[in-house]
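Please keep the viewer open as you read.

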Amino acid sequence: MVLISEAVTGLSALICGGLLVTWPDGSAIGLPLFLLKTSPFDNFFIPGLILALVIGGSQLTALLAGLSNLTSAGRRTLMAGVLLVGWIIVQVIMIRGFSWLHLIFISLGVFQIIYGAKNTGKMKGLAGCDVL
């Protein structure tokens, strides 16, 4: 389940972030510029870049670590979840608004934090059992 959350979140962040970088007026994904009136940004270029690289990158890195059964997978999931929750909190504060998408992604981030914290430093054996 955590791999699915990382894949969905990572690809969403990469795609939406890329669209915001390419069309910084937000038109590609239907975000009006007035959302940024209480933020330090004039357009969505920098937020899109952060979304794609930091959020998308951390989620997809955690996904690849999990698929590869690396011992760092739990730690990477934990960090990706912390970054996602932090991103949503900062976003809600900056735009002074909340949508159902915020609830979904903050829930995924909390799930990843819990999962990552429970699985930090563990590695799977050949039968899929925890060995550490």
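Angles between axes under 35 degrees count as roughly parallel, over 145 as roughly antiparallel, 65 to 115 as roughly perpendicular, and the rest as oblique. The axes themselves are lines fitted to C-alpha atoms, for helices over the stretch in contact, and the angles run from 0 to 180 degrees between N-to-C directions. The model is a predicted one, in which local features need pLDDT of at least 70 and side-chain atom pairs count only at pLDDT 80 or more, while totals for chains, interfaces and linings use all residues. Residues are numbered from 1 along each chain as its sequence is written, and side-chain values use heavy atoms, with hydrogens and water left out.

**Overall layout**

The protein has four helices and zero strands, in the order α-α-α-α from the N terminus. Helices (H or I, at least four residues) and strands (E, at least two) are DSSP runs, numbered from the N terminus. Along the principal axes, the C-alpha atoms fill a box of roughly 50 × 25 × 20 Å. Of the 132 residues, 31% count as buried; buried means under 20% relative accessible area, exposed over 50%, and partly exposed in between (1.4 Å probe, protein chains only). Contact means heavy atoms within 4.5 Å, and among contacts between residues at least 6 apart in sequence, 63% join residues at least 24 apart.

**Two helix pairs**

Two packed helices are described by the angle between their axes and the distance between the axes. Here are the values for two pairs.

| Helix pair | Axis distance | Axis angle |
|---|---|---|
| H1 (residues 2-22) and H2 (residues 45-67) | within 7 Å | roughly 155° |
| H2 and H3 (residues 73-95) | 8 Å | about 155° |

H1 and H2 are therefore roughly antiparallel to each other, and H1 passes H2 in a left-handed crossing. A crossing is left-handed if the near helix is turned anticlockwise from the far one by less than a right angle, and right-handed if clockwise. The residues of the contact of H1 with H2 divide into 17 nonpolar, nine polar and one charged. In this scheme Ala, Val, Leu, Ile, Met, Phe, Trp, Tyr, Cys and Pro count as nonpolar, Asp, Glu, Lys and Arg as charged, and the others, Gly among them, as polar.

H2 and H3 are therefore also roughly antiparallel to each other, and H2 passes H3 in a left-handed crossing. On the H2 side the contact includes Leu51, Val54 and Ala65, and on the H3 side it includes Ala73, Arg76 and Trp87. The contact of H2 with H3 has twelve nonpolar residues, six polar and one charged.

Ala65 is found in H2 and is buried, with a relative accessible area of 2%. Not counting residues up to four places away in sequence, Ala65 touches Leu70, Ser72, Ala73 and Arg76. Ala65 and Arg76 are eleven residues apart in sequence and 7.5 Å apart in space, C-alpha to C-alpha.

Ser5 lies in H1 and is buried at 5% relative accessible area. Leaving aside neighbours within four places in sequence, Ser5 is in contact with Gln59, Leu108, Phe111 and Gln112.

How many aromatic pairs does a search of the whole structure find? There is one, formed by Phe111 and Tyr115, and it is tilted, at 6.3 Å centre to centre and 40° between the planes. Rings of Phe, Tyr and Trp (its six-membered ring) pair if their centres lie within 6.5 Å; planes under 30 degrees apart count as stacked, over 60 as edge-to-face and the rest as tilted. Phe111 and Tyr115 both lie in helix H4 (residues 100-119), four residues apart, about one turn of the helix. Phe111 is partly exposed at 31% relative accessibility, and Tyr115 is partly exposed with a relative accessible area of 31%.
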